[in-house]
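Hello,

Here is the structure I promised to hand over. Please open it first, then read my notes below.

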Protein chains: 2
Amino acid sequence: MSDSDKSVVSRLRKLIGEGFYQPGERIGEVAVAEQLGVSRTPVRLAFRTLEQEGLLQRAGKRGFMVREFTEADVLCAVEVRGVLEGLAARRLAEQGLSPALAEELTVWIQKGRELLAKGYLEERDVDVWSELNRRFHETIVGSAGSPVIGDAIARNNHLPFAAADSIVIDSEALDREYRKLQLAQTQHELVFQALRHGEGARAEMLMREHAFIGLRYGELLGLGPGLGQPRADD
Amino acid sequence: MSDSDKSVVSRLRKLIGEGFYQPGERIGEVAVAEQLGVSRTPVRLAFRTLEQEGLLQRAGKRGFMVREFTEADVLCAVEVRGVLEGLAARRLAEQGLSPALAEELTVWIQKGRELLAKGYLEERDVDVWSELNRRFHETIVGSAGSPVIGDAIARNNHLPFAAADSIVIDSEALDREYRKLQLAQTQHELVFQALRHGEGARAEMLMREHAFIGLRYGELLGLGPGLGQPRADD
DNA sequence: AATGTTATGTTTGGATCCAAAGTAGAGCTT
DNA sequence: AAGCTCTACTTTGGATCCAAACATAACATT
């Protein structure tokens with residue numbers, strides 16, 4: 001995929017994620033091509049990619065439409081990531097952590113501890129957490145013995161609300177986010193503990209539960225049973 | 001996707017699955033276009049689709065190559081299907097089976113019983129089982145409350161060895177296949193039982209284990225610890 | 001007036017053309 | 001002789017052109 005081709009896909013992904021195109025709306029090749037200032041060819045290629053990613057779906061015989069996602073879909077996508085990351089964690093626990101891998105995971109655990117040690121959260125901490133969180137998850141999934149699991153997770157993460165780094169959202173309420181990240185950090189440490197001790201089932205269930213943190217921790221803070229907020233970063 | 005476009009994708013999928021192109025081999029647009037008797041455009045579109053499906057991967061800066069799959073990948077893909085179908089089953093058990101759904105599942109259970117009642121397997125029974133097995137799985141996954149899980153499974157099933165209907169293989173050894181299908185039928189009935197009683201965890205674990213049937217039952221028959229055989233149907 | 005048929009317009013899919021990027025090979029220089 | 005550079009060829013990506021399919025609207029017929 002060339003740079004500009006990739007750019008068409010990601011620009012389109014961004015536009016869809018931002019709700020520029022209404023869910024259910026028919027989306028034409030020419031319109032998008034003009035909008036993005038390219039010819040129809042890269043748009044046609046991008047449509048196929050986005051169809052596979054699940055952001056677009058066929059609109060009858062002709063053309064595509066923006067896929068509509070319900071709250072149930074969001075919940076399901078998070079659960080899917082949970083079971084897949086859980087599978088990765090269990091496999092990793094069963095095959096045993098190599099010293100190098102334990103070292104690697106310790107790094108991200110430690111960075112998390114340092115980030116939260118000062119007892120509050122700053123604006124710029126958000127990116128740091130996002131990065132270390134991503135690396136922690138990537139390391140586990142990438143060490144599960146086959147890229148197949150990671151691929152499945154990556155495909156699921158194309159749904160903009162399902163990705164693991166869609167946790168941190170509200171830069172305005174940093175104290176609430178701090179408590180959320182504290183819980184996330186604890187969960188990371190528990191997963192690591194289970195992995196080190198070869199406790200496959202425990203690692204799996206912890207990882208599954210961890211997936212819900214972006215979704216359900218709001219209830220603990222009295223925000224109601226909603227779905228949390230849309231993600232901030234991309 | 002037009003008919004011929006779809007045909008290019010599926011014809012390519014078939015060729016790759018049959019090992020016509022060697023894993024790791026660079027695959028060029030012009031070569032494939034000539035081979036299939038179409039222009040480069042539909043081939044380019046198909047390559048994007050197959051890349052998303054995981055059958056092709058980028059070969060450096062230029063072009064694609066056929067993805068290579070190890071035994072570990074095959075095992076992982078089956079496990080991925082297991083946890084996803086397990087998730088669907090658990091959700092279904094937790095939300096409760098509607099009478100209509102129980103009725104629907106009973107049909108496929110019953111058809112399975114009838115198929116196996118005569119005590120042996122005939123050549124033409126293979127297709128019948130393949131169909132009812134597919135419908136049983138589809139019904140469960142399709143009723144899990146969101147298409148997201150089904151999509152994830154569908155994407156995983158693009159790996160030719162991961163699909164649920166890749167169970168039945170060896171039309172030469174029908175007595176061995178009969179015993180395999182007997183076990184599969186029992187597992188279907190146990191899953192159904194768990195679903196009816198709202199036993200989410202049990203339904204999940206049964207469904208997970210059921211995923212392995214195409215892979216591991218060979219060991220029970222003294223065929224060695226291999227991966228079973230490649231699938232027969234498409 | 002209502003329905004069916006035809007014609008026109010819109011949109012997608014396939015083919016071809018052109019440009020850009022990359023790779024390999026040959027020749028030159030040190 | 002070895003390494004570097006320049007050139008030519010291969011291959012991919014983007015744009016445009018043409019054909020086919022589908023939808024819509026208008027007109028005619030019952």
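Which residue just after α2(B) takes a positive phi? B:G37 does, with a phi of about 70°. Please keep in mind that this is a predicted model.

Now the helix itself. Helix α2 of chain B covers residues 29-36. Its buried residues are B:V32, B:A33 and B:L36. These lie on the same side of α2(B), because they cover an arc of only 100° around the axis. The face turned away from that buried side carries the exposed residues B:V30 and B:E34.

Next, the contact between the chains. Chain B gives 38 residues to it, and chain A gives 37 residues. The area buried between chain B and chain A is about 3300 Å². Carbon and sulfur atoms give 53% of that area.

There are charged pairs across the contact too. The count between chain B and chain A is 8 salt bridges. One of the salt bridges joins A:E79 to B:R91, with the closest N and O atoms 2.4 Å apart.

Which elements of chain B give two or more residues to the side that touches chain A? They are α3 (40-53), α4 (71-95), α7 (147-157) and α9 (200-211). The largest share, 12 residues, comes from α4(B). By type, this side of chain B divides into 16 nonpolar, 7 polar and 15 charged residues.

Best wishes

Definitions and conventions. Residues are numbered from 1 along each chain as its sequence is written. Chains are lettered from A and ligands numbered from 1 in the order in which they are written. This is a predicted model: local features need pLDDT of at least 70, side-chain atom pairs count only at pLDDT 80 or more; totals for chains, interfaces and linings use all residues. Side-chain values use heavy atoms; hydrogens and water are left out. Contact means heavy atoms within 4.5 Å. Buried area is the accessible area (1.4 Å probe) that two parts lose on being put together, summed over both. A salt bridge is a side-chain nitrogen of Lys or Arg within 4 Å of a carboxyl oxygen of Asp or Glu. Helices (H or I, at least four residues) and strands (E, at least two) are DSSP runs, numbered from the N terminus. Ala, Val, Leu, Ile, Met, Phe, Trp, Tyr, Cys and Pro count as nonpolar, Asp, Glu, Lys and Arg as charged, and the others, Gly among them, as polar. Buried means under 20% relative accessible area, exposed over 50%, partly exposed in between (1.4 Å probe, protein chains only). The arc is that of the directions from the helix axis to the C-beta atoms.
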